[in-house]
Amino acid sequence: MRRVVFLDRDGVINAALWNGEEGKWDSPYTVEEFRLMPGAAQAVGLINRLGFLAVVVSNQPGIAKGKCSAEVLDTVNQKMLLELGQEGARLDAIYYCLHHPQARVASLRVQCECRKPKPGLLLRAAQDLDVDLERSYLIGDQLTDVEA
């Protein structure tokens, strides 16, 4: 079985943005807003060199809330992968929860098992990638990450 370092995205790999309207930190919703955190590429590169898989597990309800489209999320992902790759770092997989209990998009307004702090993203990755969860780690910036 493989060992993984699971990484939250916003606030760990890239800078979160202050949303004054909602009074909380939020995801970048444009490519121009996306910025790697200082040292993030070096940290992911170290994870790679140590033989761990580097896997993103992140709540990304922007589509559900009507803040961005699937195309925007994909474009931001491509920028993240490109910038990490330019520094010699790679992500082995990305798992997102797109749901939100108060979503504007009805199909994404669900009480799911993948929205952290529930462990669904971790369990799905463990099954897909043959992961030993007891010998793996999670790096996050919120209590919901730790609780997962």
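**Exercise 1.** Identify the residues with the most contacts inside the largest nonpolar core, and the elements that supply this core.

*Solution.* In this predicted model, the largest nonpolar core holds 24 residues, and Leu7, Ile13, Val44, Met80, Leu84 and Leu91 have the most contacts inside it. Such a core is a set of buried Ala, Val, Leu, Ile, Met, Phe, Trp, Tyr and Cys residues joined through side-chain atoms within 4.5 Å, where buried means under 20% relative accessible area with a 1.4 Å probe and protein chains only. Two or more residues each come from strand E1 (4-7), helix H1 (40-49), strand E4 (53-59) and helix H2 (70-86), these being DSSP runs numbered from the N terminus (helices H or I, at least four residues; strands E, at least two). H2 gives the largest share, four residues.

Residues are numbered from 1 along each chain as its sequence is written. Local features need pLDDT of at least 70 and side-chain atom pairs pLDDT 80 or more, while totals for chains, interfaces and linings use all residues, and side-chain values use heavy atoms, without hydrogens and water.

**Exercise 2.** List the contacts of Leu84 beyond its neighbours within four places in sequence.

*Solution.* With contact taken as heavy atoms within 4.5 Å, Leu84 touches Leu36, Ala40, Ala41, Val44, Ala89 and Leu91. Another core, of 16 residues, lies apart from the largest one and includes Phe6, Leu121, Leu122 and Leu129.

**Exercise 3.** Describe the lining of the largest pocket by element and by class.

*Solution.* E4 also contributes two or more residues to this lining, as do strand E3 (24-26) and helix H4 (143-147), and E3 gives the most, with three residues. By class, the lining has four nonpolar, seven polar and nine charged residues.

Notes: Buried means under 20% relative accessible area, exposed over 50%, partly exposed in between (1.4 Å probe, protein chains only). Ala, Val, Leu, Ile, Met, Phe, Trp, Tyr, Cys and Pro count as nonpolar, Asp, Glu, Lys and Arg as charged, and the others, Gly among them, as polar.
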